Amino acid sequence: MPSVPVSVDELTLADGELFHDKKGRAKPLPVALAPLADSHGHLTSFRAHEASIALCRAAIAGVRLLVVPVDPTDDVADVPAFLAWLDQITRRARERVEECAEHGLVPPDFTGWDVPDLVDNIRLVAGAHPYGAERLDGAALSRLDALLNDPRCVGVGEIGLDYGPYSQVPRDAQLAAFRQQLRIARSRNLPVELHIRDAADDAGCAAHADAVRVLQEEGVPQAGCDLHCFTQGPEVMRPFVELGCYVAFGGAATFKRSDDIRAAAVECPTDLILCETDCPYMAPVPLRGQECEPAMVAFSAACVASVRSIAGVCPEKDTYQALWRNANRLIGQAC
């Protein structure tokens, strides 16, 4: 988790734009019609970004809430050290925002909204990813407990099932860890963020089907459930929506061949829809191929709001407002 010096030149180019494509062409941010929330963005996995710089850029883009997943089997070996690092990058991000303001780069003012600054509104969820299911031992559970005890921690996640090509973990171990962490969430009255990935050639979407079955058997936590990084169509989404789960759409919704994901975004109930980045993965169009960062949620939110407006679901402003309010409701925060 390195930290390096920064200047305004490292935050933006001379034209004042935060984003540029691979050819250096400016890609202006869409105008956000409400405060932006990134309901799932990793800060511990960057390669091309420094975390405090990414937070500063997100603030300038209009992001006012970031939920950071932390894995006690992978991301964190020493919980106090991790929390100290988080304090450090938050403090440095605040300094970056102040430095940028001196150069005329300031976060947008959302008139009529009483919302905190991003650096005051970074929240955590903690849980073992399916890849770490076999490592969810006593020591990892102790670290999980310590993370959940931090006042910034607002949920359990990302937890779930991964039957995809990169997973080497037996399904039985994944199912056991999934059930165990659902029970922890319910015992603490916390929401969960789910990672569900099917095998590439699985038309039956077994991971999603198994996740629905587990949720039915264990019970969806009363505090809420978020189907993180949704990349399927409406038919796979419906059983989760029927259980009252939120559905989070990220960069994949902007991809050219993602008509099924956009169809799901159109069908998703307004009171259950979310946006996220899952940074540093899956940067949205027009920045696809770059390392994703929380500021890029602006492009995904614009895509989701646009397709729902074009389909006649609701005006873009209503979707933007729902994305903000739903994210805050999921983490148990008034807005």
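Q: How many residues line the largest pocket, and which of them lie nearest its centre?
A: The lining has 33 residues, with His129, Tyr131, His195, Arg197 and Asp278 lying nearest the centre. This is a predicted model, in which local features need pLDDT of at least 70 and side-chain atom pairs count only at pLDDT 80 or more, while totals for chains, interfaces and linings use all residues. Residues are numbered from 1 along each chain as its sequence is written, and side-chain values use heavy atoms, leaving out hydrogens and water.

Q: What makes this space a pocket, and what makes a residue part of its lining?
A: On a 1 Å grid over the protein atoms alone, a pocket is an open set of points with protein on both sides within 12 Å along at least five of seven lines, whereas a cavity is a set where a 1.4 Å probe fits but cannot get out; a lining residue has an atom within 4 Å of a point. The largest pocket holds about 900 Å³ of space, a volume being the space filled by probe spheres set on points joined across faces, edges and corners.

Q: Which strands each supply at least two residues of this lining?
A: They are E2 (63-70), E4 (153-162) and E5 (192-197). E5 gives the largest share, 3 residues. Strands (E, at least two residues) and helices (H or I, at least four) are DSSP runs numbered from the N terminus.

Q: Why is Asp278 called buried?
A: Buried means under 20% relative accessible area, exposed over 50%, and partly exposed in between (1.4 Å probe, protein chains only). Asp278 has 9%, so it is buried. It lies in the loop between E8 and H9, and its phi is near 55°, a positive value in a residue other than glycine.

Q: What makes Met282 partly exposed?
A: Its relative accessible area is 31%, so Met282 falls in the partly exposed range. Met282 is in the loop between E8 and H9 and has a positive phi of about 55° although it is not a glycine.

Q: What makes a set of residues a nonpolar core, and how many residues has the largest one?
A: A core consists of buried Ala, Val, Leu, Ile, Met, Phe, Trp, Tyr and Cys residues joined through side-chain atoms within 4.5 Å. The largest has 107 residues, and Leu43, Phe178, Leu194 and Phe249 have the most contacts inside it. Helix H3 (residues 79-102) gives the most to this core, with 9 residues. Apart from it lies another core, of 6 residues, including Ala128 and Val169.

Q: How do you know that Phe249 is buried, and which residues does it touch?
A: The relative accessible area of Phe249 is 0%, so it is buried. Phe249 belongs to strand E7 (residues 246-249). Not counting residues up to four places away in sequence, it touches, among others, Phe230, Met237, Ile261, Cys268 and Val304, where contact means heavy atoms within 4.5 Å.

Q: Why is helix H2 called largely enclosed?
A: Of the 11 residues of H2 (residues 51-61), 11 are buried, so the rest of the structure largely encloses this helix. Arg57 is one of the buried residues. Just after H2, Gly62 takes a positive phi of about 105°.
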